[in-house]
Amino acid sequence: MVHDPVQLEKERPERLRVLWLSTLGFTLMFAVWLMFGVLGVPIRKEFGLTDVQLSWISAVAILNGSLWRMVTGILADRYGGKLVFTLMLFFTAIPAYLVSRAGSYQELLLYAFLVGFAGNAFSVGIAWNSAWFPKEQQGFALGLFGAGNVGASVTKFIGPALIASVPATGYLGGLVPGGWRFIPFLYAVLLVLMGFVMWFGTPRRDKRPGQGRPLWEMLRPLRHIRVWRFSLYYVVVFGAYVALSAWLPKYYVDVFGLPLHQAALLTALFIFPASLLRPVGGYFSDRLGARRVMYWTFWSILIPSAILMMPEGHIVLYTKAGPKEVMQFTMNVWLFTFLVFIIGVGMGIGKAAVYKHIPTYFPQDVGAVGGLVGMLGALGGFFLPPLFAYAQAWTGLPQMTFFVLFLLTAIAFLWMHLTVIQLLQQEAKHLKHDFELKGDRPC
């Protein structure tokens with residue numbers, strides 16, 4: 001990393017080009033990665049799928065967008081983010097086009113898995129921007145880049161309108177497909193165009209902080225338990241975010257009976273704060289500390305999810321006058337949307353707080369550590385949609401979605417809190433077993 005102020009000022013235009021184009025590219029890749037959240041409803045209708053079958057389409061895409069995050073982060077450190085990001089854009093365009101031509105459920109599963117590779121763009125962009133920005137600017141830069149998560153809402157906005165407006169027969173004799181198939185076709189075209197913009201619009205000379213370093217040295221930090229703890233935090237704030245982004249449109253349609261376009265718009269009210277508040281989370285983490293922000297994050301998820309997991313119903317009291325219903329509880333769509341919005345706020349701020357830990361503890365290994373944290377966090381987005389579906393199938397209660405989220409968050413929160421207590425005890429060993437008030441000492 002260059003620390004010379006003159007050189008930093010000279011490179012400022014190049015840094016900004018890297019930041020803005022990588023953020024734009026990541027926004028597109030994220031839209032492609034999570035497009036099945038909206039496409040899933042017409043796909044379910046066309047192929048006659050069950051909820052569990054449908055959940056696996058989103059899940060396999062999320063899986064492939066998780067598996068290679070550490071690898072692509074290391075490759076970006078070694079060979080430069082420009083080369084790796086551009087190749088990923090071109091590669092992802094191929095399965096995106098194939099999704100638009102799928103003729104069976106099995107083909108959809110395969111192409112959804114391949115197109116999910118788009119999700120790995122996150123670790124490339126994190127490593128790329130970390131290489132270009134000095135330490136004192138990394139928090140905001142990584143937060144701004146991470147706001148590309150808002151790409152999850154792109155399909156929510158344009159998808160229903162395009163599906164309704166493009167005729168089922170498509171255009172040019174079917175060369176351009178119609179209906180829901182037009183969306184992946186359009187994304188394939190945009191990915192190719194973005195690839196050219198990325199290659200010719202970013203600096204010709206790239207930064208490669210991992211060039212020449214042996215692989216074993218880059219992987220050494222992964223032996224620390226805190227890396228795996230950070231990964232669990234990221235499962236809560238990112239993996240669950242990905243899972244809910246794909247799951248909520250169907251939830252609105254099935255539970256509240258809303259049409260798809262309304263379900264998509266209300267889902268966007270969750271996605272926007274969960275994406276756009278990431279820079280705010282980075283700012284708060286810089287000023288107040290990442291751990292304090294994580295406490296806020298976990299409470300802002302635990303409390304709403306505790307309410308959302310409550311099944312609708314009432315208690316029946318048998319009195320002398322006969323049965324009496326009390327404590328009736330019904331979740332309406334506006335209260336549901338408000339509580340989900342609060343969860344989105346917590347996730348948006350928390351995502352930046354998690355990644356604030358990484359350059360603090362591992363300043364030389366952001367690619368490897370950030371890649372692993374991103375990989376394991378995103379794997380949560382793979383496991384959670386099927387878990388939502390199975391929990392609902394076992395109980396018959398759609399609210400089990402939020403019971404799963406509550407349980408996951410509670411485990412991560414408890415681990416963090418116990419770690420904080422242990423650190424405080426290490427700093428004040430003489431108070432480790434001193435619980436009682438002595439004299440006038442406040443407690």
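How do the residues of the lining of the largest cavity divide into nonpolar, polar and charged? The first legend takes this up.

This is a predicted model, in which local features need pLDDT of at least 70 and side-chain atom pairs count only at pLDDT 80 or more, while totals for chains, interfaces and linings use all residues. Residues are numbered from 1 along each chain as its sequence is written, and side-chain values use heavy atoms, with hydrogens and water left out.

**View 1. The largest cavity, with about 110 Å³ of space.** Here a cavity is a set of points on a 1 Å grid over the protein atoms alone where a 1.4 Å probe fits but cannot get out, and lining residues have an atom within 4 Å of a point. The volume is the space filled by probe spheres set on the points, with grid points joined across faces, edges and corners. The structure holds 2 cavities of 30 Å³ or more. Look for Phe36, Trp247 and Pro385, which are among the residues lining the largest cavity. At least two lining residues come from each of α3 (36-47), α4 (51-67) and α13; helices are DSSP runs (H or I, at least four residues) numbered from the N terminus. The lining divides into 6 nonpolar, 4 polar and 2 charged residues. In this count Ala, Val, Leu, Ile, Met, Phe, Trp, Tyr, Cys and Pro are nonpolar, Asp, Glu, Lys and Arg are charged, and the others, Gly among them, are polar.

**View 2. The second largest cavity, with about 60 Å³ of space.** Its lining includes Tyr251, Met310, Phe336 and Gln399. Helix α13 gives the largest share of this lining, 3 residues. By class, the lining has 7 nonpolar residues, 1 polar and 1 charged.

**View 3. Helix α13 (residues 225-256) packed with helix α17 (residues 333-361).** Two packed helices are described by the angle between their axes and the distance between the axes. For α13 and α17, the angle is about 155° and the axes are 9 Å apart. Axes are lines fitted to C-alpha atoms, for helices over the stretch in contact, and angles run from 0 to 180 degrees between N-to-C directions. That angle makes α13 roughly antiparallel to α17, a term for angles over 145 degrees, whereas those under 35 count as roughly parallel. The crossing of α13 and α17 is left-handed, as when the near helix is turned anticlockwise from the far one by less than a right angle.

**View 4. Helix α2 (residues 12-33) beside helix α11 (residues 182-201).** The axes of α2 and α11 lie 10 Å apart, at an angle of about 165°. This makes α2 roughly antiparallel to α11. Among the residues that meet are Leu21 and Leu28 in α2, and Leu190 and Met194 in α11, where contact means heavy atoms within 4.5 Å. The contact of α2 with α11 divides into 12 nonpolar, 3 polar and 1 charged residues.

**View 5. Helix α2 with helix α6 (residues 81-99).** The axes of α2 and α6 come within 11 Å and cross at roughly 30°. That makes α2 roughly parallel to α6. The contact includes Phe26 and Met29 of α2, along with Phe85 and Leu89 of α6. By class, the contact of α2 with α6 has 6 nonpolar, 3 polar and no charged residues.

Key
Angles under 35 degrees count as roughly parallel, over 145 as roughly antiparallel, 65 to 115 as roughly perpendicular and the rest as oblique. On a 1 Å grid over the protein atoms alone, a cavity is a set of points where a 1.4 Å probe fits but cannot get out, and a pocket is an open set with protein on both sides within 12 Å along at least five of seven lines; lining residues have an atom within 4 Å of a point.
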